[in-house]
Amino acid sequence: EAATPTIPALRVGNTVRVYQKIKEGDKTRTQMYEGLIIAMGGQTKHTRTITVRKVSDGIGVERIFPLSSPLIEKIVITRIAKVRRSKLHYVRKSKKQLKEKMVEKS
């Protein structure tokens, strides 16, 4: 099976919503995870991953999503920030906001 066609051109600094299928017993549901892409990894299209960080109840939570996973239904970009680094690990201890690019929300 090919990689999910609903994955847009992602970049570090984007705030994204990742919709992932979760299997609970014999039922499946879709869980949404929204956060900032702080890192991208992988060399080939099959090993591509994104690390998404959000702050939930004052605690930073990071998840790594493999982009070729069949469990990912879709990824929607909600905000685009202008960053000059390929990895944003400094966001973990920084309280600063990233500068946003003006972008049309779709």
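1. Let's start with the hairpin of strand 3 and strand 4, which has two residues between the strands. Here Asp57 takes a positive phi near 55°, and Asp57 is a residue other than glycine. As background, most residues other than glycine have a negative phi. Asp57 lies in the loop between strand 3 (49-56) and strand 4 (59-66); strands here are DSSP runs of E with at least two residues, numbered from the N terminus. Asp57 is exposed, with a relative accessible area of 78%, where exposed means over 50%, buried under 20% and partly exposed in between, using a 1.4 Å probe and protein chains only.

2. A word on the ground rules before going on. This is a predicted model, in which local features need pLDDT of at least 70 and side-chain atom pairs count only at pLDDT 80 or more, while totals for chains, interfaces and linings use all residues. Residues are numbered from 1 along each chain as its sequence is written, and side-chain values use heavy atoms, with hydrogens and water left out.

3. Five strands form an open sheet in the order 4-3-2-1-5, with antiparallel pairing; two strands count as paired if DSSP finds at least two bridges between them. Strand 4 and strand 5 stand at the edges with a single partner strand each, so one side of each has no neighbour in the sheet. From one strand to the next the twist averages 40°, taken between lines fitted to C-alpha atoms, with angles from 0 to 180 degrees between N-to-C directions.

4. Glu24 stands opposite Lys27 in strand 2. This hairpin has two residues between the strands, and Gly25 takes a positive phi near 65°.

5. Strand 1 also pairs with strand 5 (residues 72-79) in the antiparallel sense, over six bridges. In that pairing, Arg17 stands opposite Val76 in strand 5.

6. Ile37 has Val52 of strand 3 as its bridge partner, and Ala39 has Thr51. Thr51 is in turn the bridge partner of Ile64 in strand 4, within a strand 3 and strand 4 pairing of eight bridges.

7. Which residues have the most contacts inside the largest nonpolar core? They are Val18, Ile50, Val52 and Ile75, in a core of 18 residues. Such a core is a set of buried Ala, Val, Leu, Ile, Met, Phe, Trp, Tyr and Cys residues joined through side-chain atoms within 4.5 Å. Strand 1, strand 2, strand 3 and strand 5 each supply at least two residues of this core, and strand 2 gives the largest share, five residues.

8. Finally, the largest pocket holds about 530 Å³ of space. A pocket is an open set of points on a 1 Å grid over the protein atoms alone, where a 1.4 Å probe fits, with protein on both sides within 12 Å along at least five of seven lines; lining residues have an atom within 4 Å of a point. The volume is the space filled by probe spheres set on the points, which are joined across faces, edges and corners. Of the 20 lining residues, the closest to the centre are Leu36, Val55, Val91, Lys96 and Gln97. Strand 2 and strand 3 are the elements that give two or more residues to this lining.

Methods. Helix = DSSP H or I, 4+ residues; strand = E, 2+ residues; numbered from the N terminus.
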